[in-house]
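Trainee: Please take a close look at a single part of this model for me, an interface between domains, and join the details into one careful account.

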Amino acid sequence: MPSLWIGLQIIRRRDWLIRFSCVLTAAAMLVCAVVAPSAFAQEKNPYAGDAKAAKLGEFQFRANCAFCHGLGARGGGRGPDLTRAQKRHGSSDSELFRTINDGVPGTAMPPNGATQQGVGMTEEEIWQVISYIRSVQVKAPAQPMGDASHGKQLFYGSAACSTCHMIQGKGGRLGPDLSTTGSARSTDYIVESMRNPSRRLAQGISEAMKEFSQEYETITVVTGDGQKFMGVVLNEDHFTVQMMDTRENLHLFEKDKLRSLEKSRESLMPAYDPKSLSDKDLQDIVAYLLLVGAQ
Amino acid sequence: MKNASMPHESKSRLLATLGMAVLSSLPIAIAALSFLAPPSSAQVTAQRLLDAGKEPQNWLMYSGDYAGRRYSTLEQINSENAASLAPKWAYQTMGGGKFETTPLVVDGILYGTGQDDRVFALDARSGRPIWQYQRALPGDIRPCCGRVNRGLAILGDKVFLGTLDAHVMALDAKTGNVAWDVTAVDYRGGYSITLAPLVIKNLVIIGVSGGEYGIRGFIDAYDAATGERKWRFYTVPGPGEPGHETWEGDSWEIGGAPAWITGTYDPVTNTTYWTTGNPSPSNRGEGRAGDNLYSNSLLALEPETGKLKWYFQFSKHDEHDYDATQVPVLVEQGNKHLILQANRNGFFYVIDRVNGKLINANAYAKVTWSDSKDASGTPIARKDASPTPEGNRVCPGAAGATNWMSPTYDPQTKLFYVTAREQCDIFSTAPQPYEAGHAYYGSAYFPNDDAAPFTGALRAIEPSTGKIKWEWKHPSPTWSGVLSTAGGLVFSGDAEGNFIALDAASGKALWHFQCGASVYASPMTFAVDGKQYVAVAAGSALFTFALP
């Protein structure tokens with residue numbers, strides 16, 4: 001029975017967490033077995049501090065992870081900066097192992113062996129990658145020494161970020177929720193997002209099987225009856241487009257029923273130049289984003 | 001948990017199986033009882049495979065026919081009525097990851113494969129299972145690129161399967177019981193099998209995957225009745241064999257050149273055509289100086305012996321993972337016998353299949369790795385296109401201008417339709433030591449920072465000129481293959497989940513259905529009880545569509 005087999009597979013994946021597992025057999029009996037701890041169930045990296053292992057891990061990283069996390073693990077267009085000591089999904093060896101082996105469900109972070117890019121890794125190779133990540137980890141995070149509480153005031157006040165962005169449930173919906181941006185993105189990326197938002201557009205929805213996630217492109221449509229809407233693309237396929245207009249109304253349009261549809265890669269977010277937002281204020285906002293991201 | 005025992009082959013049989021067994025032993029009863037049970041599965045003879053075109057209601061092999069055209073003469077669904085297509089049934093595998101199967105249909109029974117080497121036989125009218133099988137795979141397989149399988153082959157009363165742990169198997173088509181199971185090679189060396197085998201006469205011909213692990217590729221033939229191996233053709237020649245000199249030192253031992261897409265067959269000249277993938281490591285040429293035969297090649301083999309008649313190498317000494325593993329399509333043009341291939345490297349090749357000589361090669365997608373051709377007209381790589389430690393932007397990217405998804409050739413429009421991917425990548429090197437069964441690419445690649453997102457298109461190519469007659473733009477690169485039919489239709493899917501019927505002549509969309517997940521498969525068509533269906537896998541479901 002296929003279902004039985006699937007059950008066992010899932011258990012294998014998580015067996016360092018669940019040390020015993022119960023299986024419903026074909027005979028409808030509940031069988032519980034104690035799972036012997038294996039190398040898989042280790043808490044600590046057997047290669048901790050091993051420079052040679054870190055080098056091997058770097059090759060693995062380039063082949064399997066750099067596609068999203070960038071060369072040097074400093075973050076790419078698709079995956080967060082991994083050089084920060086503080087990790088959202090846990091910073092210990094065993095937590096890193098779990099993140100890398102299981103992926104992060106509901107995000108682009110794939111389980112081991114399920115990437116489009118690269119091949120699966122052995123347990124040993126995962127530990128080597130962890131050694132590599134440790135070796136590039138920045139000791140004193142190169143965080144700007146900004147004033148996070150002033151940053152928060154700006155965010156919700158004069159800089160008006162919150163008209164378009166939400167943090168922990170408070171704020172607007174036109175732009176992406178920034179609650180986790182501080183941990184998912186490198187500081188350089190965040191600074192660039194403010195100074196030059198059109199350079200790289202934020203990623204939106206990323207469907208399970210789709211290779212490329214939706215981006216926050218700017219869209220202007222004129223409907224058959226002459227109504228005009230401007231906003232961001234939330235989800236688009238060949239035939240339809242789902243968008244949010246600048247008043248936060250959600251629309252679904254069939255493209256062939258529209259009078260016109262124009263898309264642009266010019267962000268709807270205003271570019272904050274040093275005149276409208278000083279370097280100091282910008283640092284304060286970054287400090288605020290990093291602070292909430294770490295929570 | 002590594003040592004915990006896994007359940008062995010698992011299989012569920014429904015009552016329908018019983019019905020079938022009884023019916024097939026009592027042929028007279030069939031007509032009377034046909035409302036109770038699916039139509040009986042008649043023996044598929046080698047002759048029926050040769051004449052596959054004469055029974056368009058069935059889909060007897062991966063590409064539909066030996067020519068690999070993925071074209072059907074069924075025309076009940078046509079450009080006049082396609083707009084009223086509606087879903088008929090869906091079958092859920094409940095497997096995770098990509099679902100790449102092209103099912104077979106034989107006399108009302110549909111045979112497909114799913115993730116993790118699932119196999120299923122369904123009543124093709126309802127999608128209700130007759131039997132299901134799933135291989136108990138070892139816990140330590142690590143197939144590159146997904147735990148996928150693309151389909152089966154059939155002969156007599158057996159269906160044939162290649163597995164992720166590099167076994168070749170025959171299952172009883174009536175019950176799903178294992179008829180034979182042989183090890184092609186030890187999977188721990190990085191080998192796996194994902195393609196649908198090709199049956200020629202009494203032989204099951206199959207190749208291996210593993211170009212990411214430094215394997216030595218091969219194509220095998222097994223006796224369909226017993227599973228006994230009849231021959232093996234190593235796609236990387238050993239010492240003393242012609243072509244061996246195209247490898248530096250011992251690099252041939254781990255030279256790659258996997259054969260992971262189903263071949264085609266020309267019965268007139270009794271030649272089977274197979275294609276091969278990248279040399280290993282895929283993105284670093286250092287240490288394997290030379291052309292690296294027969295990587296990224298088209299091979300013309302004698303089916304009884306595996307003897308090589310000729311070869312044509314598309315990308316010599318490849319450093320961009322430009323596998324040539326796209327179905328080589330056999331087409332007649334006047335008195336010319338051709339092979340058409342839209343290659344992963346971005347060129348569309350027309351080759352004389354009698355002698356293997358190139359007739360022409362034209363780009364059908366954006367190409368930067370080559371800007372010149374040799375005396376024979378074969379595109380050759382630019383010196384500065386090699387991956388570098390810092391990274392070098394090259395088009396097409398690592399997934400190619402197309403990939404394993406099937407193209408189609410429509411003899412009515414005389415057009416070749418292919419899914420093209422417009423994606424460039426930054427290729428960088430990462431010198432990686434070889435260790436058996438471990439990843440061995442020598443590289444990394446990243447999507448480059450182009451301002452515009454990557455796109456794709458379904459392109460209709462005129463083979464005689466290489467010109468693109470029309471294109472259907474995809475919002476992002478897709479992995480769906482293409483089917484053409486005598487109804488004047490072309491079917492394909494996209495990464496956004498749409499399955500689309502287009503007018504084969506104009507490229508205009510006539511109908512579409514949102515499947516809810518990307519299409520990672522090549523569609524096919526069949527008919528039961530006079531009703532035509534079109535089938536495609538998307539997400540974890542196999543969908544079928546028909547007229548209301």
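Mentor: Among contacts in chain A (heavy atoms within 4.5 Å) between residues at least 6 apart in sequence, 55% join residues at least 24 apart. This is a predicted model, in which local features need pLDDT of at least 70 and side-chain atom pairs count only at pLDDT 80 or more, while totals for chains, interfaces and linings use all residues. Residues are numbered from 1 along each chain as its sequence is written, chains are lettered from A and ligands numbered from 1 in the order written, and side-chain values use heavy atoms, with hydrogens and water left out.

The domain assignment, an automatic or database one, divides chain A into domain 1 (51-136), domain 2 (148-197 + 270-293) and domain 3 (218-264). Taken over C-alpha atoms, the centres of domain 1 and domain 2 of chain A lie 27 Å apart, and their contact takes eight residues from domain 1 and nine residues from domain 2. The area buried between these two domains (accessible area, 1.4 Å probe, lost on putting the parts together, summed over both) is about 600 Å², with 40% from carbon and sulfur atoms. On the side of domain 1, A:Pro80, A:Arg84 and A:Arg88 supply 70% of the area it buries against domain 2, more than any other three residues.

Across this interface the rule finds zero salt bridges, a salt bridge being a side-chain nitrogen of Lys or Arg within 4 Å of a carboxyl oxygen of Asp or Glu.
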